[in-house]
Amino acid sequence: MKILMIGDIVGKGGRRAVRSLAPKLIAEFGCRFCIANGENMAGGGGFSRKCLEELRGSCVDVFTSGDHIWDQKDFVSEITLCADVLRPANLPSSQPGRGWGIFKAVDGREIAVISLLGRVFMGNTHADCPFRAADAILREIGTRTKLIFVDMHAEATSEKTAMARHLDGRVTAVLGTHTHVPTADEQIFPGGTAFQCDVGMVGARESILGRAVEPVLRRFVTGMPGHFTVVDDGTRLHATVVEVDPATGRATGIQRVMRDWDGGM
Ligand SMILES: [Fe+2]
Ligand SMILES: [Fe+2]
């Protein structure tokens, strides 16, 4: 059984590319379930119901998230209406939404998906320990399903690798997001957990992490604040396909995927 994981969807170009390419990738690889990190889908930061509506036909089953989850203020009240969006599970329990859920693949199998937020170099001091959060969620999932996918949204490669080692043999895959740059370290650990430090993004090729080059560059060179506009054309999609033995929940394969999208369906 194969599952598709798509990196951070950035803005309109990202949404359009996912709508066009995700169904094709699902067909090409024979995927039964699709997870995408959506934290940058609305104007480059956060979620909106309108953007989610646009992605209805894209075959994405679950959207994970990260530090940009609350960038769009309306989404604070909207998230409870969006059963397919997960906020990071280790944010304070007083925040709306949920951080993990059990979903159904097209073949009816149950898949648990967990969204976690790292704490190293992230600035989000109110996030709880993602390691203890993962342990608590796995206790709750218990024996209900062996198919468990974790999006570890974090900056530090060490923290993401540590999470995957911590969960090796207990989950199907730990896939990192947040840096918008895919890493070439995909691997299956001895316990059967597939890992990749970062899946990447769905954003413009001619950009800095999906944003226009010039203002980001100016900020680095001059130190002056500026508005970072999202680039909506010439999109590149990064994703990863994980193959799993549904009987054991162990990963049997992991493969990086990259596709360019320049318009059209
Ligand atoms: Fe992101
Ligand atoms: Fe992020």
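Analyst: Two residues are in contact if their C-beta atoms, placed from the backbone, lie within 7 Å. Leaving aside neighbours within four places in sequence, C34 touches L4, A22, I26, C59, V60 and D61 in this sense. The model is predicted: local features need pLDDT of at least 70 and side-chain atom pairs pLDDT 80 or more, while totals for chains, interfaces and linings use all residues. Residues are numbered from 1 along each chain as its sequence is written, with chains lettered from A and ligands numbered from 1 in the order written.

C34 is also among the residues with the most contacts inside the largest nonpolar core, together with I6, V18, V150 and V174. This core has 71 residues (buried Ala, Val, Leu, Ile, Met, Phe, Trp, Tyr and Cys joined through C-beta atoms within 7 Å; buried means 20 or more other C-beta atoms within 10 Å). Strand β6 (residues 110-117; a DSSP E run of at least two) contributes the most to the core, 6 residues.

By contrast, helix α6 (residues 213-222; helices are H or I runs of at least four) has 0 of its 10 residues buried, so it lies largely in the open. Just after α6, G223 takes a positive phi of about 80°.

Elsewhere, helices α4 (residues 130-141) and α5 (residues 157-167) have axes (lines fitted to C-alpha atoms over the stretch in contact) that come within 11 Å and cross at roughly 30°. That makes α4 roughly parallel to α5 (angles under 35 degrees). P130, F131 and A134 of α4 meet M163, H166 and L167 of α5.

How values were computed. Axes fitted to C-alpha atoms, helices over the stretch in contact; angles between N-to-C directions. Parallel < 35°, antiparallel > 145°, perpendicular 65-115°, else oblique. Buried ≥ 20, exposed ≤ 12 C-beta atoms within 10 Å, placed from the backbone.
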